[in-house]
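Let's walk through this structure together, starting with the overall layout and working down to individual side chains. Keep the 3D view open as you read.

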Amino acid sequence: MMFSIMLITPNNEFANLQYLLVTQMIIFFLGLKDDIFILSARNKLAIQAICAIILMVLAKARITNFYGTLGIYELDSVESYIFTFITIIGLVNAFNLIDGINWLAGLIAISTCSFLSFWFITNDFSLYGSIALSIIGSVIAFLIYNKTPAKIFMGDTGSLLLGLTITYLIIKFINLNHSSESLNLSFRSAPTIAISLFFIPILDTLRVFILRISKRKSPFSPDKNHIHHILLKRGYSHIKSSVILFLVNTVCIIICVVLNQISGKIIIPTLFVVTYTAVNLLLIRNFNKTNKSSILEN
């Protein structure tokens with residue numbers, strides 16, 4: 001993917017992406033080392049923080065305005081740096097945490113990048129659109145060999161790299177949507193759309209962090225309480241669980257796009273309610289089927 005970006009970037013625009021490539025190299029070797037030796041959460045966060053600072057300060061990838069999402073508008077310089085830092089670290093780790101079963105992280109990446117590539121290309125931001133398409137192509141090739149029984153796995157090397165690159169594209173989408181003139185397709189509040197793009201990873205990460213903290217454990221301590229683990233316990237296979245969560249994430253994006261003229265104060269809670277209800281209905285339905293088959297066997 002990194003080499004694809006270098007190949008498709010025109011010389012006159014390479015300066016805009018050189019810092020992204022630097023952070024990609026850093027995060028790639030961080031993930032590689034973690035896959036081999038297993039690093040502590042503190043060490044991983046320190047390296048991720050360096051990447052976030054490079055993107056914010058040198059690549060100028062900052063969120064400066066919420067455009068009404070959650071009732072928040074323009075951010076001052078300090079608020080912008082703090083919130084962008086939290087966003088980059090949060091989304092990169094949310095994507096890394098969702099990579100717990102075959103296909104899931106790859107399908108979420110396809111769901112997100114399909115929208116981003118369409119939006120960038122529609123509005124003549126072909127460079128960023130090409131990056132999103134290169135991610136889709138790379139992931140599709142990966143999924144062929146990640147199907148159960150998987151021959152290869154994404155690992156932290158792949159999930160951290162994908163998470164960082166997609167997060168950068170999301171920040172670019174937010175800024176370009178509101179700073180560019182004469183767009184062919186624009187949204188009232190791009191941050192609301194951005195939340196929907198990573199909705200399943202965000203929801204799952206918030207959920208497991210709250211559960212861990214409520215049990216007085218470190219939010220970074222591993223467990224089997226992720227949504228995909230629950231689906232597996234209810235009898236769904238890796239592929240079925242991944243497809244279900246992919247479809248839910250895609251539906252969240254569609255809801256936000258269709259309702260983009262409505263305030264983010266309404267859309268975000270709506271997404272949480274719809275997603276929570278959909279997942280629970282699936283779990284209850286499958287739980288009842290499992291119980292029924294157990295009764296018949298007995």
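Read from the N terminus, the elements of the protein chain run α-α-α-α-α-α-α-α-α-α-α-α. That gives 12 helices and 0 strands in what is a predicted model. Take the contacts between residues at least 6 apart in sequence: 70% of them join residues at least 24 apart. Of the 298 residues in the protein chain, 48% are buried. The accessible surface comes to about 14700 Å², and carbon and sulfur atoms account for 65% of that surface.

Now find helix H7, residues 155-179. Is H7 enclosed or open? Because 22 of its 25 residues are buried, H7 is largely enclosed by the rest of the structure.

The largest nonpolar core has 76 residues, and the members touching the most others are Leu116 and Phe173. H7 supplies the largest share of this core, with 12 residues.

Met25, Phe29, Leu32, Ile36 and Phe37 make a nonpolar surface patch of about 520 Å². One of these residues, Ile36, lies in helix H2, which covers residues 14-37. Ile36 has a relative accessible area of 56%, over the 50% cut-off, and therefore counts as exposed.

Technical notes
Residues numbered from 1 in each chain as written. Predicted model: local features only at pLDDT ≥ 70, side-chain atom pairs only at ≥ 80, totals over all residues. Heavy atoms only, no water. Patch = residues over 30% accessible without salt bridge, like charges linked within 9 Å, V, L, I, M, F, W, Y side chains within 5 Å. Areas by Shrake-Rupley, 256 points an atom, 1.4 Å probe, with all protein chains shown as cover. Salt bridge = Lys/Arg side-chain N within 4 Å of Asp/Glu carboxyl O. Helix = DSSP H or I, 4+ residues; strand = E, 2+ residues; numbered from the N terminus. Buried < 20%, exposed > 50% of the residue type's maximum accessible area, 1.4 Å probe, protein only. Expected span 1.5 Å × (residues − 1). Core = buried A, V, L, I, M, F, W, Y, C linked by side-chain atoms within 4.5 Å. Contact = heavy atoms within 4.5 Å.
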